[in-house]
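Dear colleague,

Please find below the structure that I would like to hand over to you. My notes on it follow directly after the sequence and the model.

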Amino acid sequence: ANHSHNWVYTYTIEHEDFTMPANEGSTIHCASELAEPTLPEVKDACNNVLSPIGEPVISATPECDGTVTYTYTYKDCANHSHNWVYTYTIEHEDFDMPANGSSTVTCASEIVAPSLPEVKDACDNVLAPIGDPVISETPECEGDVTYTYTYTDCEGNILDVQDLFQ
């Protein structure tokens with residue numbers, strides 16, 4: 001009679017969501033140190049290695065201190081999607097001042113504003129003095145006259161440089 005029938009057993013594949021590794025971060029001293037971080041190995045629920053989709057989303061770089069985030073999106077074949085974020089915290093270090101200067105003059109009339117040294121912050125940015133110099137009183141005969149220039153970086157670190165006339 002050739003009666004024939006099929007018996008079917010069906011497997012339904014239902015991918016479970018995957019777990020992301022913890023977000024990471026580090027502290028740097030200058031924005032020039034920003035770089036794409038080393039990415040973690042991310043695997044889906046079936047242990048397949050996933051790669052981030054497209055380019056990372058990078059937040060704006062602050063003028064001075066602050067944070068910059070690199071956000072990477074991972075997606076598996078079931079469209080489960082998660083972000084992994086690396087956060088750089090920018091914390092400027094204090095800067096060093098060049099040595100104070102000095103000159104000896106014969107007469108007070110020879111005193112002129114000194115040539116200023118190049119002052120750089122800890123990230124190698126050239127700083128300009130803020131405001132006018134503070135000039136000490138000129139003695140009647142002999143003594144010292146100082147020109148004090150104040151420098152500040154973007155973080156608000158303030159240092160003075162002095163030029164002394166004797």
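The paragraphs below set out what was found, beginning with the whole chain and ending with a single residue.

Please bear in mind throughout that this is a predicted model.

Overall form. The chain contains 12 strands and 0 helices. Its radius of gyration is 32 Å, whereas the globule rule gives 15 Å for 166 residues, so the chain is more spread out than a compact globule. Along the principal axes, the C-alpha atoms occupy a box of roughly 135 × 20 × 20 Å. Of the 166 residues, 27% are buried. Where contacts link residues at least 6 apart in sequence, 55% of them join residues at least 24 apart.

Strand pairing. An open sheet is formed by 4 strands in the order β1-β6-β5-β4, with mixed pairing. Strands β1 (24-28) and β4 (57-58) stand at its edges; each has a single partner strand, so one side of each is left without a neighbour in the sheet. Strand β4 pairs with β5 (residues 66-75) in the antiparallel sense over 2 bridges, and valine 57 has threonine 71 in β5 as its bridge partner. Strand β11 (residues 145-152) is mostly covered, with 6 of its 8 residues buried.

Nonpolar cores. The largest nonpolar core has 14 residues, among which Tyr70 and Tyr74 touch the most other members. Strands β5 and β6 (81-90) are the elements that give two or more residues to this core. A second, separate core comprises 10 residues, including Val105, Val145, Tyr147 and Val161.

Proline 37. This residue lies in the loop between β1 and β2 (42-43). Is proline 37 buried or exposed? Its relative accessible area is 10%, and the cut-off for buried is under 20%, so proline 37 counts as buried. Apart from neighbours within four places in sequence, proline 37 is in contact with Tyr70, Tyr72, Trp84, Tyr86 and Tyr88. Proline 37 and tyrosine 70 are 33 residues apart along the chain, and their C-alpha atoms are separated by 8.0 Å.

With kind regards

Definitions and conventions:
Residues are numbered from 1 along each chain as its sequence is written. This is a predicted model: local features need pLDDT of at least 70, side-chain atom pairs count only at pLDDT 80 or more; totals for chains, interfaces and linings use all residues. Side-chain values use heavy atoms; hydrogens and water are left out. Buried means under 20% relative accessible area, exposed over 50%, partly exposed in between (1.4 Å probe, protein chains only). Two strands pair if DSSP finds at least two bridges between them. A nonpolar core is a set of buried Ala, Val, Leu, Ile, Met, Phe, Trp, Tyr and Cys residues joined through side-chain atoms within 4.5 Å. Contact means heavy atoms within 4.5 Å. The radius of gyration is taken over C-alpha atoms; the globule rule is 2.2 Å times the number of residues to the power 0.38.
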